[in-house]
Amino acid sequence: MTWKRRSFLILCLPAILALLGAPARAQVGQKPPAMGIPESPSLVGDTTALAREAQDWLAELVKINTTNPPGNEQAAAKYIAGILTKEGIPFEILDLTPGRSALVARLRSSIVPDPSKALLLVAHMDVVGVDKSKWTVDPFGAVIKDGYLWGRGSIDDKSMVAGNLAAFVALKRGNVHINRDVIFLATADEEQFGDASLKMLIAKYWDKIAAGFAINEGGRVALKDGKVHYVAVQAAEKVSINVSVTATGQGGHASRPSKDNPVVHLAAAVEKIGNYTAPVRLTSIVRRYFEGLSAIEDPETAKWMRVIDEPDRAEHAQRVLSDANPSWNSMMRDTIAPTMLEAGIRANVIPSDAHAVLNMRLLPGDTIDVLLNQLNKLVNDPSVKLEVMQDGGLAAPNSSIETEFYAEITRVCAKEFGGAPVLPYMSTGATDSSQLRLHNVQAYGLRPFPLSDEDEQRVHGDNERIPLASFAKGVDLMTRIVAEFSVTR
Ligand SMILES: [Zn+2]
């Protein structure tokens, strides 16, 4: 730290402390709170004015109703096109289905592009529906109140569309030399994963978006008591696969029950499967996650996180952590959740078949056949059949946590948030990043806006809102990450 920086810190300390206590009360246009440390300008300059502009973009995007279905993302794509036109950045609107489009724009580093080096900034424009009666504001009004911008998509994922756009525009305005192509991509149909989704976009337009690295939603900057508690960078995700369970037997009149009633066989099978616990397999990402998290957990929990891999204590540690938190349990093993049951048409008729659906979440690299084999042995009933259903997820590989981009994200976040732990993370739910990873893209999930658990829980729920101070901080963070990784010094 230079002398100048140190005196700046001393002079500003009371102001920083005051901000730390009240980040959510920041007013529109106010400089974002440092959330831990003083700021220095990014490689592309100060982002205060840019964040204010991006907040207006976010508000306008929230006002464009892109509830999926039907999506109507083309309207949002056209709005973004208007911004890029003003900035003099060429773009393309990529049509998918009627009314549904994605938008792509590229800043070139050289005449001949090298996709393996390119950085893709990706976010989706569609949102999930609302139950208007439960909202205290108009969900598509982009109301600014109490230091928040309220509305569907204000977090998921229009904040990221606006944040990525700001980081992208900053490179153009900064008039810097970049050492890799930077691609801005606003996608459609993430929430339903249908005919206009990233999968279709890749199938139709891969050459326009091919990249070696990507940043997407899926990770988080966790805020606790006004301070950044940790940063989780998603580098892998579990694979969702549905399996049908069918029991068959002799149907007939319920007044003469027999031993091969399929309802009874199905119930017994579901009971066994539902209570099955798959063995633990710790991936390198999950190991690193617990290692990092142990620095901020309570001493008792931290103690078990530290010995999760030690031969004599691992088993007990894994049990304690699995019991403590369903997410941790799911990060350590394949899981199975019976979710649907169906049998019978009349109260007095024994049906000849009965059905259940299991939602399985596999660790990346695990295969469904091995697990099904295990379950068949466990059920041990020839009248019960397990079959993989067609709508299963894809077993995408992990993103490496040894890449230069992962290292850059970690470095920038640690610096920006006063050394808060930056953890690699495997999400138990699915994101579009699996599609990118299947195409050899090192994709990382990080929504850069510091958010409390309370605000995170509003995603897909009622009264979704983003603190304005967090939005500004996230714009700054994303701008720094993108600039540090792509600007030639
Ligand atoms: Zn999302």
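Two strands are taken to pair if DSSP finds at least two bridges between them. The model discussed here is predicted. Strand β1 (residues 91-97) and strand β2 (residues 100-107) run antiparallel and are joined by six bridges. Within this pair, threonine 97 has arginine 100 of β2 as its bridge partner. The hairpin of β1 and β2 has two residues between the strands, and in it glycine 99 adopts a positive phi near 80°.

Strands of a sheet pair through backbone hydrogen bonds, in either the parallel or the antiparallel sense. An open sheet in this model contains four strands in the order β12-β14-β10-β15, and their pairing is antiparallel. Its edges are formed by β12 (335-343) and β15 (384-388), each of which pairs on one side only. From one strand to the next, the twist averages 25°. Strand β10 (residues 239-248) is paired with strand β14 (residues 353-362) over 10 bridges, in the antiparallel sense. Valine 243 stands opposite leucine 358 of β14. Helix α6 (residues 262-274) lies across β10, β12, β14 and β15, and runs at about 15° to β14.

**Packing of two helices**

Two packed helices are described by the angle between their axes and the distance between the axes. Helix α3 (residues 73-87) packs against helix α4 (residues 158-174) at an angle of about 10°, and their axes are 11 Å apart. Because angles under 35 degrees count as roughly parallel, α3 is roughly parallel to α4. On the α3 side, the contact involves Ile80, Ile83, Leu84 and Glu87, which meet Val161, Leu165, Phe168, Val169, Lys172 and Arg173 in α4. The residues of this contact comprise seven nonpolar, no polar and three charged.

**Backbone geometry in the loops**

Most residues other than glycine have a negative phi, and most peptide bonds are trans.

| Peptide bond | Form | Omega |
|---|---|---|
| asparagine 68 to proline 69 | cis | near -5° |
| proline 69 to proline 70 | cis | near 5° |

Proline 69 lies in the loop between α2 (48-63) and α3, and proline 70 is likewise found in the loop between α2 and α3. Phenylalanine 193, although not a glycine, has a positive phi of about 50°. Phenylalanine 193 is located in the loop between β6 (182-187) and α5 (198-209).

Rolling a probe the size of a water molecule over the atoms shows where empty space is left. How many cavities of 30 Å³ or more are counted? The count comes to two cavities. The second largest cavity holds about 30 Å³ of space. Its lining consists of Val122, Ala123, His124, Asp157, Thr187, Glu190, Asn216, Glu217 and Asp432. Which element gives the most to the lining of the second largest cavity? Strand β3 (residues 119-124) does, with three residues. By residue class, the lining of the second largest cavity divides into two nonpolar, three polar and four charged.

Methods
Residues numbered from 1 in each chain as written. Predicted model: local features only at pLDDT ≥ 70, side-chain atom pairs only at ≥ 80, totals over all residues. Heavy atoms only, no water. 1 Å grid on protein atoms, 1.4 Å probe; cavity = no way out; pocket = protein on both sides within 12 Å on 5 of 7 lines; lining within 4 Å. Points joined across faces, edges and corners; volume = space filled by probe spheres on them. Nonpolar A, V, L, I, M, F, W, Y, C, P; charged D, E, K, R; others polar. Axes fitted to C-alpha atoms, helices over the stretch in contact; angles between N-to-C directions. Contact = heavy atoms within 4.5 Å. Parallel < 35°, antiparallel > 145°, perpendicular 65-115°, else oblique.
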